[in-house]
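I set out to look up selected local features of a model and to record them here. The entries are kept brief.

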Amino acid sequence: MQPNNRIDHFLPVRFGNGTLVKQFSKPCIKCQQLLHARHMHGIARVVEDHMALAATAHCPSCHTQFPIACVIDNEKRVRRVVLPNFLFKLYLRSLPANAIEQKAREDGQAQLAREQPAPQAAPVPSVDYPRADAVLGQYQGKPIPAYIVVNGQEVPFDRVEPEGRVANGEYLLDGCFVYKAA
Ligand SMILES: [Zn+2]
C-alpha cells in the first residue's frame, strides 16, 4: 500500500513519447482559484503511457475540499475517471511502483534539470569574507558569525549546508555556513 502523498512529489513525469508533465492544476470547485499539485494529496501512478491520479484537493483560499480522479495521457489530455474516488484510489494503491513509472520520473527530473539548471548545482569555493564578532552558535566546533561583509554590505547568516551547496546570491563561509541577503 502506498501512502497519501502530496501530488507534486509525483511530478515531473516524462512519457516515452517525450511529453513532459511538470504540473497539474485544477480550479477550485467553489471559488475557482487555480489549485496546483501541491494543494492535492493522494496517489499517482504511471501505467504504460498515461498517469492515473486520485487525490483530494484542498483550496487554500476557501478551504473547500474535493476529490479528483483522472487520467493524464501522453498528449497531456486529462480525462475524468467515473469510478468512485475511493475505489479508484484503492485500485491505484494496489498497483506496485513499476519500472515504467520509475523511468518516467527519472526522465522527467532529468529533462527539468536540463530546462532549468538547479540553482544548487555545485559546491562553490569558500571565501574568507570579513565576519561579525557576534556569534549565533557553533557548528562542529566552529563559531557561526551572525553576518559577513560582502562589498560593504552586511549579509546575515541563513543556514548550515554540510555539503557547501549554495544558490545564486548566496555566500559560503568556512565551507558550510551560508549567508544570504535578507
Ligand atoms: Zn476555493
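The entries below treat a metal site, a helix residue, a sheet and a loop residue in turn.

I worked from a predicted model, in which local features need pLDDT of at least 70, side-chain atom pairs count only at pLDDT 80 or more, and totals for chains, interfaces and linings use all residues. Residues are numbered from 1 along each chain as its sequence is written, and side-chain values use heavy atoms, with hydrogens and water left out.

**Entry 1: zinc site.** I looked up the donors of the zinc ion and found Cys-28 (SG), Cys-31 (SG), Cys-59 (SG) and Cys-62 (SG), at 2.3 Å. Donors are N, O and S atoms within 2.8 Å of the metal (3.2 Å for Na, K and Ca); water is not among the atoms, so sites may look incomplete. I noted the spacing C-x2-C-x27-C-x2-C of these donors along the chain. Cys-28, in the loop between β4 (25-27) and β5 (34-36), and Cys-62, in the loop between β7 (50-58) and β8 (65-73), are 34 residues apart and link distant parts of the chain. Strands are DSSP runs (E, at least two residues), as are helices (H or I, at least four), numbered from the N terminus.

I recorded the site as tetrahedral, with angles of 105 to 117° among its 4 donor atoms; four donors count as such if all angles lie between 85 and 135 degrees. The ideal angle for four tetrahedral donors is 109.5 degrees.

I then checked accessibility: Cys-28 is buried at 1%, whereas Cys-62 is partly exposed at 26%. Buried means under 20% relative accessible area, exposed over 50%, and partly exposed in between (1.4 Å probe, protein chains only).

**Entry 2: Gln-111.** I located Gln-111 in helix α2 (residues 99-115). Gln-111 counts as buried because its relative accessibility is 14%. Beyond its neighbours within four places in sequence, Gln-111 is in contact (heavy atoms within 4.5 Å) with Arg-14, Gly-18 and Leu-20.

**Entry 3: sheet.** I traced an open sheet of 4 strands, ordered β12-β13-β15-β14, with antiparallel pairing. Its edge strands, β12 (147-150) and β14 (170-173), each pair on one side only. Two strands pair if DSSP finds at least two bridges between them. Between β13 (residues 153-160) and β15 (residues 177-180) I found 3 bridges. Phe-157 stands opposite Tyr-179 in β15.

**Entry 4: Gly-175.** I placed Gly-175 in the loop between β14 and β15. Gly-175 is partly exposed, at 30% relative accessibility. Gly-175 and Asp-128 lie 47 residues apart in sequence and 9.8 Å apart in space, C-alpha to C-alpha.

Note on methods. Tetrahedral: all angles 85-135°; square planar, octahedral: opposite > 155°, others 65-115°.
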